[in-house]
Amino acid sequence: MNTLAEIAYRFTPARLRSVPASLQGYYLRSWRYGPETERLVEETLARDYWTAEQWQSWRTDTLNRLLERAARCVPHYRHYWHNRATQLDPPDLDQWPVLEKEPLRSNPSAFLAEGVPSRLYAENTSGTTGTPLTLWQSRTTLRTWYAMFEARTRRWYGVSRYDRWAILGGRMVQPVRRNRPPYWVWNTAFRQLYLSSYHISSETISSYLDAMKRYGVTYLLGYPSALFELALGTIDLKRRDLRMKVVVTNAEPLFEYQRSIIAKAFNCPVRETYGMSELAAAASECEAGQMHLWPDAGIVEVLENDRPVGSGAVGDLVVTGLLNSDMPLIRYRVGDRGALSEKTSCACGRTLPILQSVDGRSDDALYTPDGRTIGRLDPAFKVGLPIREAQVIQEEIDLIRVLYVPAPGFAARHGEEIIRQVRSRLGNVRVILEAVTQVPRTANGKFRAVICNLPPDSRFSGSRTDSDSTPAVLAEP
């Protein structure tokens, strides 16, 4: 939400919050969807079956136009090529440098092309690493992206944006101290029931399920960790009155033990997706169980030490977005690691390339003293704080350490805001702030935004003591 909408939402009584949420939803809908949407959806579905030659021709033309515009009209890239002897025709993609997050974070306006539309949508996101980013996107970019989303994460699964659905995400729907329903808000514009992922516990799940039934929800989307908790509670309660058409996961890796429990609880397929706020790459799982990249959204390279690796080998995912020529991201290191598949065909019949794995975004879950599980804390840092990166470490059930790299302008009030954001999600826990020059990486260079150091047998102490299947579940990766 924008600032005014957030203020209106915060000071509206809980049972009336659907009004400001829906008003914000109508505003977003005007950016994301228009009279051209259905045509764009059909064109996307048709491209799913293009030949390799058709894809090669389309992507070459699109990429060349993007690179030429970037080199001539985008200050960051123009400055780079001005200081190089390479002639600009434009140069091949592999001659462009890998773009790290820091230049984009520190000076996002340098990536805006000259002469862009006067109105662009500003997206503020922490990205994969918890590093705050500001991104600008035009209506054309957003409507093209959401048409692809409609095609490949709804139509593939037999649903559409006209169906009623529920989402378990990272937004603060209600204050964490709230101990009675509603733990959700209805967004009329998107036919969306936004469920709080911060209030799920054995005591509240029944009310979640009642709300889903009351609003006629037909499919679910959300973080695997939150969906898993909801599914466990659904099974424990022996609820059989909620059958979804599909459950779609995003933002975290989906483990097989989570998939099986979610599928059992809601008696439907569970499909995994991969994406990013930068709108530079995406993938979605087909009915044959393969994760297909969207080649019309962006070009995905897999690099190790900035050199290409072969199919099946794991490396850094480096992407070049093809949709946003107003703020082009070229060879952008997204912070995830993964591998492309050697397979060139799929039983589903689609010709889209296959993403073999994504090894990034493997953040731990956090656990609260009152028995809730928090899948991700990255929304806590999507508030424009002057920090370069942050890591949340749970040392005890009521003790959190936050390592952060301050940016220029960081003051005591920003530290207080970090503490407030953490406590708003985890409750009245102790929070220790530690300023560092860099958040430590793992042995293979991966960044972990969240680390849980609690022993496995203490993580569910407040919420799950009645399930003899818990130890087996906790033993999974």
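Is R333 buried or exposed? Please also tell me what surrounds this residue.

A: R333 is buried, at 14% relative accessibility. Here buried means under 20% relative accessible area, exposed means over 50%, and partly exposed lies in between, computed with a 1.4 Å probe on protein chains only. Before going further, please keep in mind that this is a predicted model, in which local features need pLDDT of at least 70 and side-chain atom pairs count only at pLDDT 80 or more, while totals for chains, interfaces and linings use all residues. Residues are numbered from 1 along each chain as its sequence is written, and side-chain values use heavy atoms, with hydrogens and water left out.

Let us begin with the partner of R333. Its side chain meets that of D316 in a salt bridge, with 2.9 Å from N to O. The pair links distant parts of the chain, since D316 sits in strand β13 (residues 315-321) and R333 in strand β14, 17 residues apart. A salt bridge is counted when a side-chain nitrogen of Lys or Arg is within 4 Å of a carboxyl oxygen of Asp or Glu. Strands are DSSP runs of E with at least two residues, helices are runs of H or I with at least four, and both are numbered from the N terminus. D316 is buried too, with a relative accessible area of 17%. In general, side chains of opposite charge can pair when their charged atoms come close.

Now for the strands themselves. β13 is largely enclosed by the rest of the structure, because seven of its seven residues are buried. β14 covers residues 332-340, and four bridges join β13 to β14, which run antiparallel. Two strands count as paired if DSSP finds at least two bridges between them.

On to β11, residues 298-304, which pairs with β13 in the antiparallel sense over six bridges. There E301 has V318 of β13 as its bridge partner. Put together, five strands form an open sheet in the order β12-β11-β13-β14-β15, with antiparallel pairing. Its edge strands are β12 (307-308) and β15 (355-358), each of which pairs on one side only. As background, strands of a sheet pair through backbone hydrogen bonds, either parallel or antiparallel.

A search of the whole structure finds 33 salt bridges. In one of them, the side chains of E36 and R143 meet at 3.3 Å, N to O. E36 lies in the loop between α2 (18-32) and α3 (37-47), and R143 lies in helix α7 (residues 139-153), so this pair ties together parts that are 107 residues apart in sequence. R143 counts as buried at 14% relative accessibility, whereas E36 is partly exposed at 22%.

E43 and R39 meet in a salt bridge at 3.1 Å, N to O; both lie in helix α3, four residues apart, about one turn of the helix. E43 counts as partly exposed at 34% relative accessibility, and R39 as partly exposed at 47%. There is also a network of salt bridges that links R47, D48, R152, E287, D296 and R350.

If you were wondering about cysteines, the structure holds zero disulfides, a disulfide being a pair of cysteine sulfur atoms within 2.5 Å. For C286, the closest cysteine sulfur is in C346, 3.7 Å away, which is too far for a bond. C286 is buried, with a relative accessible area of 0%.

Finally, a word on confidence. The mean pLDDT of the protein is 86, and 88% of its residues reach 70 or more; pLDDT is the predictor's confidence in each residue, from 0 to 100. Over residues 462-477 the pLDDT is below 50.

To come back to your residue, R333 is buried, and its salt bridge to D316 links strand β14 to strand β13.

Technical notes
Contact = heavy atoms within 4.5 Å.
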